[in-house]
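Please keep the sequence and the structure in view while reading.

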Amino acid sequence: IKTYVNYSPPFSWVSRGVDPFLMQRNGGLEMGLTEDWLGYTAGPEYTSDTYALLRAAGQGQPLGGYMVGKSGGPLLQRIKYYVMVAGGARQIMVYNYGPNYAGIDSWSENYGIYPVIRDVQFELGHIDEALNGTARRPAKIAILYNRTAAIWSGDDSTTEQAARFIRWALTHAGYDADIIPEEDIVAGKLDQYKVLYIDGIQLRRDAAQKIADWTSH
């Protein structure tokens, strides 16, 4: 059984004290998993960013998530499903539909969502074999996960939010982008990218030196 934590996307990972890079790489967890309840004011795009973060943090770990039908109509639920699949999730749990006679059963009477759940499950069944064992095409664009700037800024940090907006803009323009933390830059992983987006006025000294060396080549 894979051990995992269910990451509820916050405004700032650092200010919440939850850092997927530190948690997923310490050997205690073997799978990254997240959820989208109300869309966190940004709909499925927010979930797409969360999976980009978990892909970078997990370095090949399996991904999963809860497909939650709390709000929005059938079209939004379909988009959520496919955002999860495109993000790399292969363990998808539809939450929380009855009958459930013990515990909280708050959404099983949302009957308008049932047909899209059925349809998408059938659709995913047709492509499941083709997706098995596949990997995402390597991206040539990286966006810095600037933990240092977020720590210095505390609750007022806009660095992580800016990184999300940059990724959304790139996605809508047809470009894929990876999230890269400072420790990966120090480890030399920046060499596989052609472009790096940076936000925040603080940066680890060793990461700054690596970026300077990379830009001079």
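When residues are sorted by class, Ala, Val, Leu, Ile, Met, Phe, Trp, Tyr, Cys and Pro count as nonpolar, Asp, Glu, Lys and Arg count as charged, and the others, Gly among them, count as polar. The model is a predicted one, and with these classes in mind the lining of its second largest pocket has 7 nonpolar, 3 polar and 2 charged residues. The table sets this pocket beside the largest one.

| Pocket | Volume | Lining by class |
|---|---|---|
| Largest pocket | about 850 Å³ | 13 nonpolar, 8 polar and 10 charged residues |
| Second largest pocket | about 240 Å³ | 7 nonpolar, 3 polar and 2 charged residues |

The largest pocket is lined by 31 residues, and those that lie nearest its centre are Arg55, Ala56, Gln59, Gly60 and Arg136. Two or more residues of this lining come from each of α3 (44–58), α4 (74–87), β4 (89–95) and β6. In the second largest pocket, α4, β4 and α5 (114–131) each supply at least two lining residues, and α5 gives the most, with 5 residues. The residues that line this second pocket include Tyr81, Ala89, Gln121 and Asp128.

Strand β6 also belongs to an open sheet of 3 strands, in which the order is β6-β5-β7 and the pairing is parallel. Because β6 (178–181) and β7 (195–197) stand at the edges, each with a single partner strand, one side of each is left without a neighbour in the sheet. From one strand to the next, the twist averages 35 degrees. Strand β5 (residues 141–145) pairs with β7 in the parallel sense over 3 bridges, and Ile143 stands opposite Tyr197 in β7.

Terms used
Residues numbered from 1 in each chain as written. Predicted model: local features only at pLDDT ≥ 70, side-chain atom pairs only at ≥ 80, totals over all residues. Heavy atoms only, no water. Pairing = 2+ DSSP bridges. Helix = DSSP H or I, 4+ residues; strand = E, 2+ residues; numbered from the N terminus. Axes fitted to C-alpha atoms, helices over the stretch in contact; angles between N-to-C directions. 1 Å grid on protein atoms, 1.4 Å probe; cavity = no way out; pocket = protein on both sides within 12 Å on 5 of 7 lines; lining within 4 Å. Points joined across faces, edges and corners; volume = space filled by probe spheres on them.
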